[in-house]
Amino acid sequence: MRLWPGILDRYIARAVIAGSLVVLVIFVSLELVFSFVEESADISDDYSALQALVYVALSAPQRAYEAFPVATLIGSLMTLGGMAARSELVVMRAAGVSVLGIGRAVALAGLMLALLAALLGELVAPPAERMASDIRAQARGGDVAMLSDEGFWVRDGRRFVQVGRAGSATELQDLSIYEFDGEHRLSKVTSAAQARHLEAGDWALRDVRIESFRERGVESQREDEAVWSGGLTPDILDVVVVDPTTLSVRDLLTYIAYLDANELESEQYRLAFWLKLVTPIATLTMLLLTIPLVFGSLRSVGAGQRIFVGIMLGIAFYLANRLLNHIGLVYGLPPSLSALLPTLLFLVVALVATARVR
């Protein structure tokens, strides 16, 4: 058995990778255009067109990461379908190359694309998304300022609020409120492990520590619960809350450990963690799915029909993924099952269909 890919394997792999990346660039470019048009509605004196353009550009790596499986599916279909239309695959088969041999070359391309997707989602997309959120927050959030590793700060009159973590715009963790008097001297610091926004507009604080600075010294007190009334609202926080799917695996593991240690809900972040691990596998699965399609009914059809079939399969995969993810969160299914099941089902279909190709 040959362990190192031969000339033919490298030819097929290069063609599949090139075709997939071209489709990925087209997909992301279209998404960026539509995203900029949508973002243009928020352009104002504080949020310029250039800032909106930079924000959209910095979101490109995350969009590319999310589009990788579908882009590789359509790109591989176009590439292998073109080879079939030019009779290249027929010549390969006549030269003694089996379907499994061609599948091996496609799998090689899939492994390289899966590695690229993993690197993009782990090393490039998270910091770029953080920078994009920072630009948008500072432009549209007024007194909100992002910090890379320490959460963000919000100014509320004479108070400065530091938020360590924000699971959502209504659920905050590691909250510290610094209050200053009229002479700009620190008068009180209120720290809370958790803050939840109430319908009345106030914030319910949990595990509270209050330190008041007096002329005679510092007075400290602890309370299990307290209510804080301030100008901080979920509308302000919407521009700085980070989507779990944009975090790196390391950040997700750190945050999950924090939530578990404080007995807080972590299912959404566990699901995001498993989706991060599954995306490279989904990319490989989509490529393998093209083998039976190309050697089956798509060998003699046009490029438009191949694109249509690829888009339909991509939509089916996307909908199955999203549906099972939401069902899992609602009904308490294990996040690993919710994330893995759609990809595993498509992978089984790809392997079974490939094995039946003659």
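The questions below take up helices, aromatic pairs, backbone angles, salt bridges and a surface patch.

This is a predicted model, in which local features need pLDDT of at least 70 and side-chain atom pairs count only at pLDDT 80 or more, while totals for chains, interfaces and linings use all residues. Residues are numbered from 1 along each chain as its sequence is written, and side-chain values use heavy atoms, with hydrogens and water left out.

User: At which residue does α8 bend?

Analyst: Helices (H or I, at least four residues) and strands (E, at least two) are DSSP runs, numbered from the N terminus. Helix α8 covers residues 267-295 and reaches 41 Å from its first C-alpha to its last, close to the expected 42 Å; the expected span is 1.5 Å times one less than the number of residues. The bend, the angle between axes fitted to the seven residues ending at a position and the seven starting there, is about 35° in α8, with the proline P280 following within four residues. The residue at the bend is V278.

User: Which residues of α7 are buried?

Analyst: Helix α7, residues 249-261, reaches 18 Å from first to last C-alpha, close to the 18 Å expected. Buried means under 20% relative accessible area, exposed over 50%, and partly exposed in between (1.4 Å probe, protein chains only). In α7 the buried residues are V249, L252, Y255, I256, Y258 and L259.

User: What phi does E263 have, after α7?

Analyst: E263 follows α7 and has a positive phi. The value is near 55°.

User: How are the rings of F160 and F180 arranged, stacked or edge-to-face?

Analyst: Rings of Phe, Tyr and Trp (its six-membered ring) pair if their centres lie within 6.5 Å; planes under 30 degrees apart count as stacked, over 60 as edge-to-face and the rest as tilted. The structure holds three aromatic pairs. In one of them, F160 and F180 have ring centres 5.8 Å apart and planes at 90°, so the arrangement is edge-to-face.

User: How many residues apart in sequence are the parts that F160 and F180 tie together?

Analyst: F160 is partly exposed at 31% relative accessible area, and F180 is partly exposed at 29%. F160 lies in strand β3 (residues 159-168) and F180 in strand β4 (residues 171-180). The pair therefore ties together parts whose separation in sequence is 20 residues.

User: Which helices does the pair of F317 and F346 tie together?

Analyst: The rings of F317 and F346 have centres 5.3 Å apart and planes at 85°, so this pair is edge-to-face. Both F317 and F346 are buried. They tie together parts 29 residues apart in sequence, in helices α9 and α10.

User: D174 and H184 are not glycines; what phi does each have?

Analyst: D174 lies in strand β4 and is partly exposed at 34% relative accessible area. H184 sits in the loop between β4 and β5 (186-197) and counts as exposed at 70%. Phi is positive in both, about 55° for D174 and about 65° for H184.

User: Which residue forms a salt bridge with R63?

Analyst: The N to O distance in this bridge is 3.4 Å. R63 lies in helix α3 (residues 60-85), and its partner is in helix α1. The partner is E31.

User: Which helix supplies the largest share of the nonpolar patch?

Analyst: Patches are made of residues with over 30% relative accessible area and no salt bridge, like charges being joined within 9 Å and nonpolar side chains (Val, Leu, Ile, Met, Phe, Trp, Tyr) within 5 Å. Here L323, I327, V330, Y331, L333, L337, L341 and L345 together have about 760 Å² of accessible area, by the Shrake-Rupley method with a 1.4 Å probe, where only the protein chains shown count as cover for residues. α9 (303-331) and α10 (335-356) each supply at least two residues. The largest share, four residues, comes from α9.

Notes
Salt bridge = Lys/Arg side-chain N within 4 Å of Asp/Glu carboxyl O.
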